[in-house]
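Colleague: Before I use this model for anything, I would like to go through its strands, charged contacts and ring contacts with you. Could you put it up first?

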Amino acid sequence: MTRVPVHLGARSYDVVVGAGAHDELATVLADVARVAVVSQAVIAEHHAPAIRGVLDGAGIAHEVFLIGDGEEHKDLATVERLSRDLTTWGLRRSDAIVALGGGMVGDTAGFAAAIYARGVDVVQVPTSLLAMVDAAIGGKTGVNLPEGKNLLGAFHQPRAVLADPRVLATLPDAEYRSGLGEVAKYALMGDAEIAAVIERSADALRARDPDVLATVIARSAAVKAAAVSADEHERTGARATLNYGHTLAHALETVGGYDLRHGEAVAIGLVFAGHLAGAIERIPPAAVEHHARVVGALGLPTHAPPGLRADDLLVVMRRDKKSTGGLSFVLAGPNGVEAVADPDPSALDTAFAAVGIDV
């Protein structure tokens, strides 16, 4: 197994990647008497028995709590319902929550953990590629409002992130492909190792080759861990670079009613960001084309669904939680990926049109 440390002083923890990572629960939760495992029905059917076996072997009392499947359940109503169930069960501040699932479970269960009894510990056990390479790492938790994605949330770092790539064998193709959107993000942020894997092994990565997967997951975790360690609460701008492609992506999800999966929206957002950076002459045309080529190599969309209007998306983008009052993007440039505020409107029109959005 590979251990990737997230350095946060006394709150440091490891992202453990590899076969048997879930067995680490016995050690990570050795001082906890009771655990609430939060999951979804299909995920629990596949993976909860193994988790329960580890907890039973460690003598840790536990119960499984299910939340709804789908982005429409990532809201305050779900957090309230879950919290009341935890209260009825008798969860105490000295107990812990295990978030067993993809990004939606990790975000929602993590947010409940952050606010329940003013904070209980959580262990992230991701079961999707997207969660393994991104969502489960770094302590960002939250739920959606009708006005936008993840507008309510808290930073709540886990005790550990335990990622066993073997569980991805049960992941539906569309969900697996969605996770590749975040992998493309790391490559286009400038990580040479992930870019090289995509260049030489895109077919193997799409086919879930276990050796290629293990490399990509561990390397993605290392990139994210470094950014989180440097800028836990997104105050210096170092962690903000992880939002590459996400400003448009979150707007696409909100305006489109979450018809696009997150990684698909990120893929389109990356192509858009490449065109926007090109339109304001931060990167040359070859680099713009490289964005679309990397996204396409992973079988991800390079154009938005038909019927979306730039004006509708801009309303949501201005409400983005990272905005400082106007429009804020993370864009590639001569100094790497960095935040750029309020680009020229004509450049925005060019980038929107390049990904098939009406201007």
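Predicted model: local features only at pLDDT ≥ 70, side-chain atom pairs only at ≥ 80, totals over all residues.

Modeller: Residues are numbered from 1 along each chain as its sequence is written, and side-chain values use heavy atoms, with hydrogens and water left out.

Colleague: How many of the residues of strand β5 are buried?

Modeller: Helices (H or I, at least four residues) and strands (E, at least two) are DSSP runs numbered from the N terminus, and buried means under 20% relative accessible area, exposed over 50% and partly exposed in between, with a 1.4 Å probe and protein chains only. On one side of β5 the buried residues are Ala96, Val98 and Leu100, and on the other they are Ile97, Ala99 and Gly101, so that both faces are covered. Strand β5, residues 96-101, is therefore largely enclosed by the rest of the structure, the buried count being six of the six.

Colleague: Which residue of β5 is the bridge partner of Val37?

Modeller: Two strands pair if DSSP finds at least two bridges between them. Strand β3 (residues 34-39) and β5 run parallel and are joined by four bridges. Within β5, the partner of Val37 is Val98.

Colleague: Which residue of β6 is the bridge partner of Ile97, and what is the handedness of the crossover from β5 to β6?

Modeller: Strand β6 (residues 121-126) pairs with β5 in the parallel sense over six bridges, and the partner of Ile97 there is Val122. The chain passes from β5 through helix α4 (residues 103-115) to β6 as a β-α-β crossover. A crossover is right-handed if, with the strands pointing away from the viewer, the path from the first strand over the helix to the second runs clockwise; this one is right-handed.

Colleague: Is Glu24 buried or exposed, and what is the relative accessibility of Arg3?

Modeller: Glu24 has a relative accessible area of 16% and is buried. Arg3, by contrast, counts as partly exposed, its relative accessibility being 44%.

Colleague: Which residues are linked with Glu71 in a network of salt bridges?

Modeller: Glu71 and Lys149 meet in a salt bridge of 2.7 Å, N to O. That pair links distant parts of the chain, 78 residues apart, with Glu71 in the loop between β4 (61-66) and α3 (76-89) and Lys149 in strand β8 (residues 148-155). Lys149 is buried, at 8% relative accessible area. Joined to Glu71 in the network are Lys74, Asp107, Lys149 and Glu253.

Colleague: Where is the salt bridge of Asp203 and Arg206 located?

Modeller: The closest N and O atoms of Asp203 and Arg206 are 2.5 Å apart. Asp203 counts as exposed at 53% relative accessibility, whereas Arg206 is partly exposed at 36%. The two residues are three apart and so separated by about one helical turn, both being in helix α7 (residues 192-206).

Colleague: Which residues do ring pairs link into a cluster?

Modeller: Rings of Phe, Tyr and Trp (its six-membered ring) pair if their centres lie within 6.5 Å, with planes under 30 degrees apart counting as stacked, over 60 as edge-to-face and the rest as tilted; the whole structure has three such pairs. Phe272 and Phe329 form a tilted pair, 5.9 Å centre to centre with 40° between the planes. The rings of Phe272 and Phe352 have centres 5.0 Å apart and planes at 45°, so that pair is tilted. The cluster linked by ring pairs consists of Phe272, Phe329 and Phe352.

Conventions: Salt bridge = Lys/Arg side-chain N within 4 Å of Asp/Glu carboxyl O.
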